[in-house]
Amino acid sequence: MIKCGGSLLQLPDVASRLQSLLLRFHLRPAVVLVGGGECADLVRRWDQRFSLSVQSAHDLAITAMSLNAGLLCALQPQFQLVHSCSESASHSSDVISVLEPVSAIRRAEPIAGKLPCGWDITSDSIAAWLARAHGFSKVLLLKSVDLPDQEPTEQPSMKSRLQRLADQQLTDQQFPRIVGSEQQVWWSNLAADSPTITPVLPTLPPR
């Protein structure tokens with residue numbers, strides 16, 4: 001499961017950057033979930049102005065992610081919108097499947113239970129949650145910043161590492177709780193001149 005941060009849509013060449021990364025690191029076929037970015041920020045402003053219910057704000061933020069998924073698919077013919085992870089499995093390796101999150105979440109909830117809602121859960125956690133629901137062992141977070149170095153005093157565990165990233169507001173607060181013990185989390189700054197892929201926990205073997 002690959003989560004593409006919504007802020008990356010500010011890059012005019014985001015589609016070609018993503019395609020190049022997937023080719024260079026042999027990550028195809030791929031399933032991509034796009035974050036809310038500026039569209040989700042609009043929902044936040046609506047929430048502040050109109051005092052929306054938690055569920056309404058959550059649903060609108062997911063819809064914002066759907067809008068961004070459609071945009072990414074409009075930028076490159078190899079990107080195709082799918083409504084579930086199982087639908088993506090029927091595509092050839094040349095196709096990059098982009099999840100329509102409203103449908104994907106609705107179809108996964110009978111398997112994984114109801115997705116938590118609120119502003120403390122973002123596309124980072126949704127990607128991990130969908131990956132767990134469908135048995136994906138790896139979650140790759142595409143961000144617009146580098147992965148910080150691990151602190152010397154940090155405990156060598158995935159949960160502690162993820163909690164530190166959440167405390168630094170580089171992921172949402174739910175992410176350390178939603179990532180499964182069987183999952184590996186990887187990181188890439190797609191906005192970098194030459195993006196690489198780095199394990200969040202450095203003790204993981206290199207790709």
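Asp124 is buried, with a relative accessible area of 3%, where buried means under 20% relative accessible area, exposed over 50% and partly exposed in between, computed with a 1.4 Å probe and with protein chains only. The model is a predicted one, in which local features need pLDDT of at least 70 and side-chain atom pairs count only at pLDDT 80 or more, while totals for chains, interfaces and linings use all residues. Residues are numbered from 1 along each chain as its sequence is written, and side-chain values use heavy atoms, with hydrogens and water left out.

The side chain of Asp124 meets that of Lys3 in a salt bridge with an N to O distance of 2.8 Å, a salt bridge being a side-chain nitrogen of Lys or Arg within 4 Å of a carboxyl oxygen of Asp or Glu. Because Asp124 lies in helix α6 (residues 123–133) and Lys3 in strand β1 (residues 2–4), this pair ties together parts that are 121 residues apart in sequence; helices (H or I, at least four residues) and strands (E, at least two) are DSSP runs, numbered from the N terminus. Lys3, like Asp124, is buried.

## The network and the remaining salt bridge

Asp124 also forms a salt bridge with the side chain of Lys143, again at 2.8 Å from N to O. This pair links distant parts of the chain, with Asp124 in helix α6 and Lys143 in strand β5 (residues 138–143), 19 residues apart. Lys143 is itself buried, at 11% relative accessibility, and its side chain reaches the backbone oxygen of Leu170 at 2.8 Å.

A search of the whole structure finds three salt bridges, one of which joins the side chains of Arg17 and Asp13 at 3.0 Å from N to O. Asp13, at 34% relative accessibility, counts as partly exposed.

## Cysteines

With a disulfide taken as a pair of cysteine sulfur atoms within 2.5 Å, the count comes to zero. The sulfur of Cys4 is 11 Å from the closest cysteine sulfur, in Cys73, which is too far for a bond. Cys39 is likewise in no disulfide, the nearest cysteine sulfur, that of Cys4, being 13 Å away. Cys4 is buried, with a relative accessible area of 0%.

## Helix α1 and its buried side

The buried residues of helix α1 (residues 14–24) are Val14, Ala15, Leu18, Gln19, Leu21 and Leu22. They cover an arc of only 160 degrees around the axis, which puts them on the same side of α1, the arc being that of the directions from the helix axis to the C-beta atoms. An α-helix has 3.6 residues a turn, so residues three or four places apart point the same way. Just after α1, His26 takes a positive phi of about 55 degrees.

## A nonpolar patch on the surface

Leu42, Trp46, Phe50 and Leu60 form a nonpolar patch on the surface, with about 340 Å² of accessible area together. Patches are made of residues with over 30% relative accessible area and no salt bridge, like charges being joined within 9 Å and nonpolar side chains (Val, Leu, Ile, Met, Phe, Trp, Tyr) within 5 Å; accessible areas come from the Shrake-Rupley method with a 1.4 Å probe, and for residues only the protein chains shown count as cover.

The largest share of this patch, three residues, comes from helix α2 (residues 37–50). Phe50 is found in helix α2 and is exposed, with a relative accessible area of 52%.

Terms used
Polar contact = N/O pair within 3.5 Å; in protein donor to acceptor, adjacent residues only side chain to side chain.
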